[in-house]
Every structure is written in structure tokens, then in C-alpha cells.
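Hello,

Here is the structure we talked about handing over. My notes follow below it.

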Amino acid sequence: MFNSLRYCLRQCFVSLRRNFWLVVVTACIIAVSLAILGGFLLIAVNVNQIIANVESGVEIAAFLLDGADVADIGDRIIRLEGVEEVRFVSKDEGLVEFGKSLGDEELLAGLEGDANPLPDVFRIKAVSADIVPQLAEEIGAIEGVEFADYGEELVSRLLNLTGWLNTLFMGISVLLALGAVFLIVTTIRLSVIARQEEISIMKYLGASDAFIRFPFLLEGMIMGWLGTLASTMALGAVYNKIAAFLQQDALIFFLRPVTSPEKLVPIFIGLILLGTLMGGIGSTISIRRFLRV
Amino acid sequence: MIIFNNVTKIYPGSKIPAIRDLTTEITRGEFVFLVGPSGAGKSTFIKLLFREQLPTKGTIYFEGKNIARLTKGQLLRHRRQIGMVFQDFRLLKQKTVYENVAFALEVLGRSPRVIRQKVPDALAKVGLLGKEKSFPSELSGGEQQRVGVARALVKDPLIVLADEPTGNLDRENSRQLMDLFETINKEGTTVIIATHAWDLVDRMQKRVIALDKGRLVRDEKRGSYDV
Ligand SMILES: Nc1ncnc2c1ncn2[C@@H]1O[C@H](COP(=O)(O)OP(=O)(O)OP(=O)(O)O)[C@@H](O)[C@H]1O
Ligand SMILES: [Mg+2]
């Protein structure tokens, strides 16, 4: 067993050396396809975190009906469970804020006082993100509140966007992965052809099928593995740079990149396994189709 | 040790049998020549024994076992008891003499210790000590074929099968090779040789099985090439 393993390893490295450039190209394609896949996974993890951040920072806005009892409504909101902070924005203040956000306060001239179309608003912060929808519903049911809104629009847009990105990246990754597998099939096929004579002699010498096949399987897996190793290293370096950049610039809190190893390590390990698996699949296909034992 | 029982072999896509209703027995320690004109079925006989081909009809027993019925593991064991020698030597060009012979043991998963011990023995038997580091291209045809024989012998086979082993050798080398086979046979290994070398067959006075168009036409204890 041990002796056979040593033979297989030696044979495998001889083949890898013989097909050196093809191995390099194949490993590179695997690297690129997995780097894209890995990049997509990293983006997905980060987008998820951003969404969580946005959601937790979301305020509930309770729009009041004209002439509602502001003090009473404020009281009732404060007494609801899970409310952390309540801020009242009168229609006049609202108009000023709106004007500022437009960047041109003159635009709204003439809308002051009774002509103001904006409602009075309570802005409410919840103690945690997950109770926001429930809380918004309760607040919306209070008499005098026209409706309560918590930026579900923004959240659903983010989700939509990531859905699109997911599909796009998945499509590209799958195509590249198929290309990589195909290249592995070709490389292993060349190895098989180069060793055709030796294989036929081995059969006459009584070699087992596994003994003949194993070096080729190993060769494919090593190619896949090399490719992934390169891609994870490049990806890791790039991600580190970006993460460091985002962290040093005092950007808005929800753009903080994911840096916790519990989330990143599984991605990188997964990529390495996937690359090795791709190599294994490629060589298995090739062995099945081109190696007659 | 070997029994052919009404064996017929028809290759797929061909109508004429390569072996036709052949029945014979070969016992342990025998030295057998298979002779006959081209296309008589000599190579087919050897392929059937190695179970490279399966008989279309009839049964072949090897050491009491129907070799058509072997499991995968048994088939490997069957083939490992057989040392094959080829007309075209089939040595690996990029390996040295030593490595070619050692290869037969590596393939079987033998340890380096066993290999270091057995390979020189086998090379000594065929008279190639001192040529270990040569490559096949640096050897004469006769020497190359002796490497082939050493490779077949190194795993201590029960039986050596040779298909026209002298086909690419001159008269002198052929004679030496046959003497080598005789020595191997005297040490207890069964030897079966398919050949056209009538002069050698006549000289050796061994059992001769003659085939013609797949039929066994003659079987003599101390035979000659022709009737
Ligand atoms: N793989 C094959 N497929 C189809 N027919 C075959 C195959 N191998 C051999 N034959 C046919 O079977 C018959 C016997 O062939 P075989 O090779 O056994 O003869 P032989 O006695 O070894 O001849 P030679 O002396 O020329 O080597 C021939 O008619 C040959 O054409
Ligand atoms: Mg023949």
C-alpha cells in the first residue's frame, strides 16, 4: 500500500512536469474562476452585513393625521415595548429638513405655514432590528397615525440588487468552472496518451486498475488545488487591502467590511475544497473516457 | 494446471473462429511450443490464457479454476502468476535495465527492500549483470529480450508465456534465448512459447502443439516443427 502510494506520487509529479505549461494554464483558469466565485461570496457576506446594519439603523417614521393629538400619540408610542427613542419632527421642521436635503431651500418658498403639505412625524428607534416590522405595525394602528414606515423600500432594493449580483456572479463562476474542468480533462487526457504504452505494459505486469488510475486522479486534484491556492492567496491579499482601506476611512458605520475569521475562514476553506473537487471531477471524466484499463 | 475444454474463440465482427473446439491439457513444469502458420491462432491461445480474451464457447481451467469466472481480485492474482514475454520486447525506453525489471515489482506494490534483493537475482539469471544502468536503446536485440525475460521472471511466476520471443532476433540470439527458457523451465517454471522458429523447435525436442486455422492438428511429446 505504502509502496504503491509512493509510486503513484512519483508518477503524478512526472506527469505534472511533462505537461508543465498546460498545468500552469489550467491552474490559472481554475484560479480565475474561483477568485470570481470567492469574490462574489465575499461581496455577498458583506452585503448581508450592510443590510443588517441598515435594518438595525432604520427608524420608524409615524406620519400623523392633520389635527391629531401629538402629545397623546407620543405618550402611547413611548409606552410600547421595544421603543428606544422617540423624536418629534413637526411639519415646519420637516419642511426645513426637506429643503436642506434638496439643497435649495428657495424651492419650497410659499409652502410655509398652512400651505405646508408635510405631516407631523414621530421618528422612532427600536431596541433591535428584528422587532422593527412588528413595532411599525403597532404604531400604525394608533389612532391619529396615518401610517408608519421603516424604509422597507431601501431594504427590498438592496435585496433585489444582491439577488441580481448573485445570479450574475453565479453564472460567470459556473461557466468558468466548466471551462476549468474541461481544461483538466484535456490535460489529463494528454497525460494518459503520453503514458499509453506504459499503461499497456502495466496491465501485462498485473497492475490493478486503481494503481493505474490513481496517479491521474491525483494529478487533476493537484492542478485544482494549485489553482485554488493561488486564487485564495490573491483574493485574501486584495480583500485585506480593501478592508483596511474601508476601516481607516471613517465611513458610515454600515460600510464596515466583514473581518471576523468565523465568517471568512469557511469561505477560503470551501474554495480550496471546491478547486480540489473540480480537479478530481475533471480527471475522473478523463480517466473514464480515455483510459482503457 | 491448464485445461482447455472444447474452447472456441470467435472475435467479434469475424465469422471464422480463431480457435476452434480446442481441447488439451498442460501440466505443471512442461515446456510447450505452439506452432502453426500465420493466423493459426497461436497468439489467441496465449491471450485466452492470460484472459485478455474470453472464449466464445468452452472452458479454460487454470489451477482448477474456470478463468472466465474470476472476480476482479482473482483475475489480478491470475495475471500476476503469469510472466509475459513479447516479440517486440515492450521495454520502457526512458527507464534503465534495472528500472524496467524493478517496475514489474513496483507495479505489484513490493517494498524497496524486496526489489533491491530480487532484481539483481533476475538480471543474473539472464546474464545481464553489469548492464543495470544501460537504457534499452543501448542494448542489442538479444539483450533487450533478456531484459524482457528478467522482467517476467522477477515476480517468480508459475508460468511464462512468450509470443514469438525470437521474432526480432538473429539465429545466435534466438538460440541463446531458447537455452535461457530451458534453464527457467528446469528450475520448475512452466513455459509456453508460440513460435515460427522451426529449427529451434526441432533442436529442443519439447512438446509441440500444432494449430492450423484454429484447430489442434498435432500434439507430440518430443515433437518437431513439421510432421
Ligand atoms: N483482435 C482481433 N479481432 C479480430 N480478429 C482477430 C483479432 N486477433 C486475431 N484475429 C484473427 O484471429 C485469427 C488468429 O489470429 P492469431 O493472432 O491468433 O494468429 P497467430 O497464429 O498468432 O498468427 P501469427 O503467426 O501471424 O502471429 C486470425 O485470422 C486473425 O485475423
Ligand atoms: Mg501471433
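Which residue in S8(B) does Ala162(B) stand opposite? The answer is Ile193(B). Please keep in mind that this is a predicted model.

Strand S7 (residues 159–163) of chain B is the place to start. S7(B) pairs with strand S8 (residues 190–194) of chain B in the parallel sense, over five bridges. S7(B) also runs parallel to strand S6 (residues 82–85) of chain B, joined to it by four bridges; here Ala162(B) is the bridge partner of Val85(B). Together with helix H6 (residues 171–186) of chain B, S7(B) and S8(B) make a right-handed β-α-β unit.

Five of the five residues of S7(B) are buried. Ile159(B), Leu161(B) and Asp163(B) point one way, Val160(B) and Ala162(B) the other. In a regular strand, side chains alternate between the two faces of the sheet.

On packing: the largest nonpolar core has 84 residues, of which Phe33(B), Val149(B) and Phe181(B) touch the most other members. Helix H8 (residues 209–248) of chain A gives the most to this core, with eight residues. Leaving out residues up to four places away in sequence, the contacts of Val149(B) include Val85(B), Leu177(B) and Phe181(B). Another core, of 30 residues, lies apart from the largest one; Leu48(B) and Phe62(B) are among its members.

Chain B also has an open sheet of four strands, in the order S2-S1-S4-S5, with antiparallel pairing. Its edge strands are S2 (19–26) and S5 (65–66) of chain B. Helix H1 (residues 42–50) of chain B packs on this sheet and touches S1, S2 and S4 of chain B. The direction of H1(B) makes about 120 degrees with that of S1(B).

Regards

Key
Residues numbered from 1 in each chain as written. Chains lettered and ligands numbered in written order. Predicted model: local features only at pLDDT ≥ 70, side-chain atom pairs only at ≥ 80, totals over all residues. Heavy atoms only, no water. Pairing = 2+ DSSP bridges. Helix = DSSP H or I, 4+ residues; strand = E, 2+ residues; numbered from the N terminus. Contact = heavy atoms within 4.5 Å. Axes fitted to C-alpha atoms, helices over the stretch in contact; angles between N-to-C directions. Core = buried A, V, L, I, M, F, W, Y, C linked by side-chain atoms within 4.5 Å. Buried < 20%, exposed > 50% of the residue type's maximum accessible area, 1.4 Å probe, protein only. Right-handed = clockwise from strand over helix to strand, strands pointing away.
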